[in-house]
Amino acid sequence: MIAMNLPEQEKGFQHKIDAEVRIEPKDWMPEKYRHTLIRQISQHAHSEIVGMLPEGNWISRAPTLKRKQILLAKVQDEAGHGLYLYSAAETLGISRDEMIEQLHSGKAKYSSIFNYPTLTWADMGAIGWLVDGAAIMNQVPLCRTSYGPYSRAMIRICKEESFHQRQGFDILYTLCQGSPEQKAMAQDAINRWWWPSLMMFGPHDSESLHSEQSMQWKIKRFSNDELRQRFVDMIAEQAKVLDLTLPDPDLEWNEERMHYDFGKINWEEFWNVISGNGPCNKQRLDARRKAWEEGAWVREAAAAHAKKQHPNPPKAESLEAA
Ligand code: BYC
């Protein structure tokens with residue numbers, strides 16, 4: 001719906017959004033739309049890159065060669081997702097260096113979920129099943145988000161995330177068919193990852209700062225609570241197949257609502273983790289900063305090589321004219 005007091009240009013912009021026309025980099029857009037997208041896409045990219053760390057921790061300790069190959073491929077996919085997303089954010093006028101600087105200085109957030117430790121092999125299953133499951137639930141609607149480069153990046157990301165969730169389910173299914181100790185290890189991982197997965201969807205709608213505007217601009221298609229509910233409904237059914245218990249005594253099918261009811265989320269823990277005080281925040285940021293410093297020579301060598309290959313690269317304007 002278009003508010004009467006919007007300036008003409010902004011009304012035209014909202015008309016396009018309402019008509020499901022994608023916004024492209026050179027189109028006029030309100031500055032706040034641009035900033036919201038830079039915030040969300042760059043935080044999403046940082047989440048992919050930081051998200052490589054807890055799983056990377058288990059590549060050298062995967063139980064078989066096949067599991068190692070699969071995990072390696074998954075972590076590489078996440079690097080790819082980060083790169084598509086940084087590229088999509090760059091089309092809005094921010095540089096990759098600025099985004100990285102915002103991550104390293106703590107100005108930009110990344111998903112709360114990656115501030116928890118991965119203690120056992122079963123955590124690889126729990127991350128795949130729950131964390132990638134939550135990611136898919138949140139990200140499939142982003143394939144229809146209003147900004148063209150973001151929506152196109154999300155299509156490939158979602159295809160790969162589906163494979164990731166299946167591999168997590170497969171790890172847990174195998175453990176659950178194994179010895180009592182293996183089953184117990186799977187249950188322990190679910191006990192630790194369940195509540196943080198629910199927090200991935202963000203605060204309740206009533207506490208969400210950006211949802212209303214982002215939904216009007218069709219950056220977000222569903223609210224945080226709607227997506228969280230869909231996730232609970234999906235996982236509660238899949239848990240039965242695994243014969244695992246979700247650690248919530250209030251989880252119960254509600255015949256009237258046709259949804260699962262579930263217990264209260266510990267929001268104090270959530271706000272604490274996103275303000276930098278989770279169990280692994282410091283470790284994660286230290287690891288990213290170290291990788292950045294140690295990769296300086298690679299960036300210098302790549303830039304020198306590019307300069308040698310193309311000593312006088314054409315300017316952006318002349319490329320456009322061509
Ligand atoms: N963690 O107004 P709200 C993945 C912040 S999956 C940290 O509702 P919005 C992966 C929020 O940024 C994870 N911060 O915000 C999976 C805001 O603070 P700022 C990444 C959170 O943007 C497997 C404040 O709380 N996915 O990558 O409307 C393997 C108020 O929230 C969180 C995405 O990024 C959180 N969980 O909605 C590897 C998907 N929740 O920015 C990788 C795209 C909220 O004002 N993003 N905050 O300082 C989104 O869909 C939305 O940004 C959110 C939040 C639903 C996450």
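Predicted model: local features only at pLDDT ≥ 70, side-chain atom pairs only at ≥ 80, totals over all residues.
A residue counts as near a molecule if one of its heavy atoms lies within 4 Å of that molecule.

**Around the ligand**

The ligand has 31 residues around it, and Lys109, Ser208, Leu209, His210 and Lys220 come nearest.

| Residue | Protein atom | Ligand atom | Distance |
|---|---|---|---|
| Arg39 | polar side-chain atom | oxygen | 2.9 Å |
| Ser112 | polar backbone atom | nitrogen | 2.8 Å |
| His210 | side-chain N or O atom | oxygen | 2.6 Å |

Taken alone, the ligand exposes 1000 Å². The protein buries 92% of that area.

**Lys220**

Where does Lys220 lie? Its place is the loop between helix H9 (211-216) and helix H10 (224-242). Lys220 is buried, yet it has no salt bridge. The nearest side chain of opposite charge belongs to Asp205, 6.8 Å away. The side chain of Lys220 does make a polar contact, at 2.8 Å, with the side chain of Asn224. Setting aside neighbours within four places in sequence, Lys220 is in contact with Gln40, Ser208, Ser211, Ser214 and Met215.

**Leu130**

Leu130 sits in helix H6 (residues 122-139). Is Leu130 buried or exposed? Its relative accessible area is 0%, so Leu130 is buried. Residues up to four places away in sequence are not counted here: Leu130 touches Ile190, Trp193, Trp194, Ser197, Phe231 and Ile235. Val273 is 143 residues from Leu130 along the chain, and their C-alpha atoms are separated by 18 Å.

How values were computed. Residues numbered from 1 in each chain as written. Heavy atoms only, no water. Helix = DSSP H or I, 4+ residues; strand = E, 2+ residues; numbered from the N terminus. Buried < 20%, exposed > 50% of the residue type's maximum accessible area, 1.4 Å probe, protein only. Lys, Arg positive; Asp, Glu negative; His and termini not counted. Salt bridge = Lys/Arg side-chain N within 4 Å of Asp/Glu carboxyl O. Polar contact = N/O pair within 3.5 Å; in protein donor to acceptor, adjacent residues only side chain to side chain. Contact = heavy atoms within 4.5 Å. Areas by Shrake-Rupley, 256 points an atom, 1.4 Å probe, with all protein chains shown as cover.
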